[in-house]
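Here is a short report for a first look at this protein. Start with one residue, then step back to the whole chain.

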Amino acid sequence: MPKLTEKVALVTGGSRGIGAAIAKRLAADGANVAITYTKGVDAAVSVVKEIERAGRKAIAIQADAADADAVEAAVEKTVATFGRLDVLVNNAGTAVHKRFEETTLEEMDRLIGVNIRGVFVATQAALKHMKSGGRIISIGSAVGERALTPGLVPYSATKGAVKMFTQGLSREVASRGITVNNVQPGPIDTDANPAAGEWAIPQKAFTALDRYGHVDEVAALVAFVAGPESSYITGANLTVDGGMIA
Ligand code: NDP
């Protein structure tokens, strides 16, 4: 029997990139899956259809991670549709690539709203429904662990916050049998960080493996953390970065 049979997962920002790969992988492992997105309804529908073709149930919910009401409604809709919530993957994230002194207040607010506040709100809403065996998994970043280049100061700060959020919360919910972990990708080939292009050259050079990662390589780690075999892992920052911060 697949290891996530009868489990329900919610993946924020699950219509493209890393989130879509996670949603499909958790479904392949047996879970029914809800995803959120903001603008790209076609991409979201295509992920839902792919999961349904594979024999699982899926729904897509429009919910900007910076909109607390929408995020809470997405959690409630997931539970109303599938009857439970076992795995929350806080994947929705945004990046601003420019020097700190040029970053606008609006850009900083957006980064904080999506990458930190969105994680807080989704997790609080999900914890209302989670039972023993529950999994809170956030997608942080290798640059939340170590700053390698100029140009990502507020983004790195938000991912560093996700790291401490994970560590702190793990101590509060452990007694309920819920684990909290942070998966920190290095450079992964997505629309947000394409492997082709000028900005990709230094990122690739920082990795020990001298290549970008594939979304499925992140999804594989998330699937492990979501599954029963990770029962003794909590408060951990698990890096999947081709050796970028080695
Ligand atoms: P993409 O931009 O490729 O995909 C983002 C996904 O999230 C889309 O489904 C998008 O849907 C959705 N999304 C974007 N903003 C929001 C929002 N405010 N609320 C809800 N959904 C949203 O990103 P990646 O797959 O590259 O990144 C996913 C996560 O991984 C992020 O947290 C990112 O910081 C992190 N990460 C990525 C790395 C990389 O190299 N790619 C490295 C380290 C971490 P829609 O278009 O409809 O909004």
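His 214 is partly exposed, at 43% relative accessible area. Partly exposed lies between buried, under 20%, and exposed, over 50%, with a 1.4 Å probe and protein chains only. The model is predicted: local features need pLDDT of at least 70, side-chain atom pairs count only at pLDDT 80 or more, and totals for chains, interfaces and linings use all residues. Residues are numbered from 1 along each chain as its sequence is written, and side-chain values use heavy atoms, without hydrogens and water.

His 214 sits in the loop between helix 6 (200-206) and helix 7 (215-226). Helices (H or I, at least four residues) and strands (E, at least two) are DSSP runs, numbered from the N terminus. Two distances involve His 214.

| Pair | Atoms | Distance |
|---|---|---|
| His 214 and Ala 21 | C-alpha to C-alpha | 9.4 Å |
| His 214 and Asp 216 | side chain to backbone nitrogen | 3.0 Å |

His 214 and Ala 21 are 193 residues apart along the chain.

Now the whole protein. It has seven helices and seven strands. Their order along the sequence is β-α-β-α-β-α-β-α-β-α-β-α-α-β. The radius of gyration is 17 Å, close to the 18 Å from the globule rule for 246 residues, so the protein is as compact as a globular protein of that length. That radius is taken over C-alpha atoms, and the rule is 2.2 Å times the number of residues to the power 0.38. The C-alpha atoms fill a box of roughly 45 × 35 × 35 Å along the principal axes. Buried residues make up 50% of the 246.

How values were computed: A polar contact is a pair of N or O atoms within 3.5 Å; within protein, one must be able to donate a hydrogen and the other to accept it, and residues adjacent in sequence count only if both atoms are side-chain atoms.
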